[in-house]
Amino acid sequence: MSLDKFLVVSAALFCCGLYTIMTRRNGVALLMGVELILNAANINFVAFSHYLGKVMGGQIFAVFVIVIAAAEAAVALSIFLRLFATAGSVEVDTADSLKN
Amino acid sequence: MVDLVFVLLSMLTVVSALIVAGNSNVIYSAVGLLFTFMGVAGLYVLASADFLAATQMLVYVGGILVLILFAVFLSNRISDSKLSNPTHMRVPSAIVCIALFGLMSHAAVNTEWAVKTGVEYAPTTAVLGRLLMTKYLLPFEVVSVLLLAALIGAALLSRPESGKAACKPDMEEGK
């Protein structure tokens, strides 16, 4: 257990999140990918904070990331519910009425 | 012993993240996300972030994940949930992601990090609380206002249409 192992786990999590975002059209699944990426960033913050000598700024930053993730999830999910009520699905491809 | 726990937690995290990425049923993806969050909380404990681990369990598992499950149940017809989450462009995305993973892990392993040895585990809650009330007081207040605004906005957005209908008579009276 060392710093680089934490970083490799975080990189794997980040790539899973990126793959989810790249392949999905379902809005809720896209949000899951975003949450994975935010968690990967948080692991990095916490691991650096621990291994570079108990610098507490990393953990403070992780707390703020968690708060922002909560706010983002609440707003995004309510937007998707509204989209489902108007367009009948949460596929983000269907939300193109501004273009047509 | 700690190394074994670390390996198990990493495997839990990464395997369930792969389930999130690969499963075509969005409910299974949500359950995979649950185990990912739990594994990440365990990793926080191993990196001496006990308060963050508890926060992760409370906010992510107790809050965000329940919110996501609600959205899944409200926005998909559960009977055809197998069709609800198709994947597109799988092969190019997988190539890009695996290449990126290789690059990032190569950089992480081969960099000489300025690691301090002999960092001992200690409770962090008191330190974090003191920092949030002194050095990081302004970001703390700003983020709390942001969270309040976001939650009020979310509640307003997801109100049913009857809320709008209730507003209309008032506006007509105003005219």
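**View 1. Chain B of the predicted model has seven helices and zero strands.** Helices (H or I, at least four residues) and strands (E, at least two) are DSSP runs, numbered from the N terminus. From the N terminus on, the order in chain B is α-α-α-α-α-α-α. Chain B has 175 residues, of which 25% count as buried; a residue is buried if 20 or more other C-beta atoms lie within 10 Å of its own, exposed if 12 or fewer, and partly exposed in between, with C-beta atoms placed from the backbone. This is a predicted model, in which local features need pLDDT of at least 70 and side-chain atom pairs count only at pLDDT 80 or more, while totals for chains, interfaces and linings use all residues. Residues are numbered from 1 along each chain as its sequence is written, and chains are lettered from A and ligands numbered from 1 in the order in which they are written.

**View 2. Helix H1 (residues 2-22) of chain B.** The end C-alpha atoms of this helix are 30 Å apart, which agrees with the 30 Å that its 21 residues should span at 1.5 Å a residue; the expected span is 1.5 Å times one less than the number of residues. Leu9(B), Ser10(B), Thr13(B), Ser16(B), Ala17(B), Val20(B) and Ala21(B) are the buried residues of H1(B). Seen down the helix axis, they fall within an arc of 150°, so they line one face of H1(B); the arc is that of the directions from the helix axis to the C-beta atoms. The exposed residues Leu4(B), Leu8(B) and Met11(B) sit on the face turned away from the buried side. Packed against the buried residues of H1(B) are H1 and H2 of chain A, together with helix H2 (26-46) of chain B.

**View 3. The contact between chain A and chain B.** Here 58 residues of chain A are in contact with 70 residues of chain B; two residues are in contact if their C-beta atoms, placed from the backbone, lie within 7 Å. On the side of chain A that touches chain B, helix H1 (3-23), helix H2 (27-51) and helix H3 (57-87) each supply at least two residues. H3(A) gives the largest share, 20 residues.

**View 4. H3(A) and helix H3 (residues 50-75) of chain B.** Their axes come within 10 Å and cross at roughly 10°; axes are lines fitted to C-alpha atoms, for helices over the stretch in contact, and angles run from 0 to 180 degrees between N-to-C directions. H3(A) and H3(B) are therefore roughly parallel to each other, the term for angles under 35 degrees. Residues of H3(A) including Ile66(A), Leu77(A) and Phe84(A) are in the set that meets residues of H3(B), among them Val59(B), Leu67(B) and Leu74(B).

Note on methods
Angles under 35 degrees count as roughly parallel, over 145 as roughly antiparallel, 65 to 115 as roughly perpendicular and the rest as oblique.
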